[in-house]
Amino acid sequence: MMEYRQLPHGEKNEKFSVLGLGMGGIQRAPDEEIEHTVRRAIVNGVNYFDLCGGAANVYAPFGRAIRAVARRKIFFQLHFGAVYDEEGNYGWTTDAERIKRTFDWEMETLGVDYIDMGFLHCIDKVEDFEKLEQGGIVNLVQELKRQGVVRHIGFSSHTPQAANRILDTGFIDMMMFSVNAAYDFEYSDDLGMGSAGERAALLRRCQEEGVGISVMKPFHAGKLLDARESPFGRAMTRNQCIQYALDCPGVLTVVPGVRGLDDLNELLTFPDAAQEERDYAFIRELTPKDIEGHCVYCSHCHPCPAGIDIGLVNKYYDLARAGDEMAKNHYRKLGTKASACRDCGHCDRRCPFQVEQSRRMREMAEYFGE
């Protein structure tokens, strides 16, 4: 059965399916298959879509598919900065006029009068965001929100530095970020920027500030699904990759791309997959030695049977030991502290970084005088 998660800054009806769908790879399928793929996804409980088409031909069949259901039941991200040339090929820009023209065309082609998520597209450098500010695009998106044409403002990025700069503005409701085991274990590529600690801290910040996260690249461009390509030397399944991302702080939905119906049908096994089919604990045996034993606040060990927010108490503990008095105060205000640990070992078994959390809980309780 499909699970739904509430957008923290949203209305009561804004609950997103944990399995979403990306439109970035389906452009080579016939129009009829694109439309049928979206319709089949909706029938099977998928209600969240990333509408950054790999080509312009994706928009018309997507629009036809969502018109078959009540508009309020479908949510999608539309990207300010994703543009298309005369042949319909995808491109990226910070040019304000091109962005405005593309947005008008997208709205007309989709046949909608509002979009759920207006995303600043692929902001990997702070200067890219500054160009959108200077060109008036940031103001435009905010004005569209005031008019009700854009319901929520978000952005997509691969870079913790740029993402944190955008979050500092305080007007963000949603972030799209790449999350997968390869990136978190620092087996990276050009799109897995930032250290494991920086990435984990960014996700934790989103959770704390009520910014929802939609996940792109959960399969590491398919490499995690192939033992020959996987940096771990062992393949993960799609269901394991999806669950891994969903266990990260702040994540509401995972939006893997599909090429057509066959790919969608494989993804649709996730909602009814048994826990054993989703379990990715084997990767703990493959953890790089320089990360091993260090908590990065990722919360992969959750849920704690005692109700402890394990990632958060670890963060406050580390900050407090580094001399942060505010962290000590934040810890003391927690409703459930480390002293509630039952020493059941659940977190020890599930930690991909092989941290002995039960021992850490005893250390924390002693340090904070519980």
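**Close-up views of cysteines and pockets**

The structure, a predicted model, holds zero disulfides.

View 1. The cysteine sulfur closest to that of Cys206 belongs to Cys248. These sulfur atoms are 12 Å apart, too far for a bond, since a disulfide needs the pair within 2.5 Å. Cys206 has 0% relative accessibility and therefore counts as buried.

**View 2. Surroundings of Cys301 and Cys347.** For Cys301, the closest cysteine sulfur is in Cys347, at 5.7 Å. That distance is also too far for a bond. Cys301 is buried, its relative accessible area being 7%.

**View 3. The largest pocket.** Strand E9 (150-157) and helix H10 (261-267) each contribute at least two residues to the lining. The largest share, three residues, is from H10. By class, the lining of the largest pocket comprises 15 nonpolar, 13 polar and seven charged residues.

**View 4. The second largest pocket.** The volume of the second largest pocket is about 420 Å³. Arg5, Gln243, Leu246, Asp247 and His302 are the closest to its centre among the 23 residues that line this pocket. Helix H8 (196-209), helix H9 (238-246) and helix H11 (275-278) each supply at least two lining residues. The lining of the second largest pocket contains ten nonpolar, six polar and seven charged residues.

Technical notes
Residues numbered from 1 in each chain as written. Predicted model: local features only at pLDDT ≥ 70, side-chain atom pairs only at ≥ 80, totals over all residues. Heavy atoms only, no water. Buried < 20%, exposed > 50% of the residue type's maximum accessible area, 1.4 Å probe, protein only. Helix = DSSP H or I, 4+ residues; strand = E, 2+ residues; numbered from the N terminus. Nonpolar A, V, L, I, M, F, W, Y, C, P; charged D, E, K, R; others polar. 1 Å grid on protein atoms, 1.4 Å probe; cavity = no way out; pocket = protein on both sides within 12 Å on 5 of 7 lines; lining within 4 Å. Points joined across faces, edges and corners; volume = space filled by probe spheres on them.
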